[in-house]
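Welcome! Here is a short tour of one protein model, taken a piece at a time.

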Amino acid sequence: MNKKPGSRLMMWVMIIVSVLSLALTVWALYAGSHNYFVLDPKGPIAAGQRDLIVISTILTAIVIVPVTILTFVIVWRYRDKPGRKAKYDPDFNHSTKLETIWWGIPIIVIAVLGIVTVRYTYALEPSVAIQSQKEPITIQVASMDWKWLFMYPGEGIASVNSITIPEDTPVRFELTSDAPMNSFWVPELGGQIYTMSGMAMTLYLQADHQGTFFGSGANFSGEHFSQMRFDVNAVSDEQYQTWVNKVKTESKPMSMETYQSLTVPGTADKQTFSAFPEGLFQQLVTKYLPGGLAGGKDRATHTTPSTQIDEKQSEEGQSDMGTGDHDGMEMNDQESTDTNTSN
């Protein structure tokens, strides 16, 4: 009996699709790694995440590749053709050896994958500080429609759609939103984390190399979400100090009126400011509480900005904004709030 044309076509389609899928996977992991930000890390957090992706892919390939190959073998060996010599055993119903193989190997792979994933998940917890001999710098981030505001409380400066950081120095990002929820993402430095109105998130990143890295809002947020991008410029310590001094001397300060203009939905060019309203980040986090920014534009600002993160809750993936000191910042009791978030 001749092989049916339909079954022969289906067999070749399966072969071509499977081979292309495997080829694209290998190319993406190796040959094309420099074309993908996630697979070309420039910092320790992104490197760890890249390693987890590669390890997970290899472990799953232990199951997927043999199954794919066996699918071709079975289709080819048992295809309908004249003089087919494949063994025909209609009474077969059990094989302890085969059952052990096709159940045992996946169970081992899943167990190893679970252990590796848990280990990397705890190691890459966003709120855990990066071990370094250098003190981290703090950058407060506020997502807007459709722009990013970055504030440097230690330096007293701010910028829009662009940040500059020193290389080999941990950066502690404190993130919130003045608009609908978004997602802060610098693929070459680490994974994304959500920015949410009325909440404060914490993310540690570090650039091991100098360069300009791509950053974006990774969450759909309306009309101009595709333009909600920013640059991360990693420079030497000397260049960083030069940049800070230049911003302080050549840029204008940000007033509350300037900030309110930024909150108007729309895109914006890159900007720098030699100063910003004190306590602005805390006011953004508490804006929907009585007396917050949402209640009026002329609210008095704090004399000193503050943020406190409870370390125990941070380890559990929560950020606690409350009274006390953190990174040289304070909050008045009347304006403090506890915000617990799950990362």
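## Before we start

Two strands count as paired if DSSP finds at least two bridges between them. Strands (E, at least two residues) and helices (H or I, at least four) are DSSP runs, numbered from the N terminus.

This is a predicted model, in which local features need pLDDT of at least 70, side-chain atom pairs count only at pLDDT 80 or more, and totals for chains, interfaces and linings use all residues. Residues are numbered from 1 along each chain as its sequence is written, and side-chain values use heavy atoms, leaving out hydrogens and water.

## The sheet

Let's begin with a pair of strands: β2 (residues 147-152) and β3 (residues 157-160) run antiparallel and are joined by 4 bridges. Tyr-152 has Ile-157 in β3 as its bridge partner.

Both strands belong to an open sheet of 6 strands with mixed pairing, in the order β8-β5-β1-β2-β3-β11. β8 (201-205) and β11 (271-273) are at the edges with a single partner strand each, so one side of each has no neighbour in the sheet.

## A helix on the sheet

Helix α4 (residues 237-250) packs on this sheet, touching β1 (137-144), β2, β3 and β11; contact means heavy atoms within 4.5 Å.

## Trp-102 in helix α3

Now find Trp-102, which lies in helix α3.

Methods. Axes are lines fitted to C-alpha atoms, for helices over the stretch in contact, and angles run from 0 to 180 degrees between N-to-C directions.
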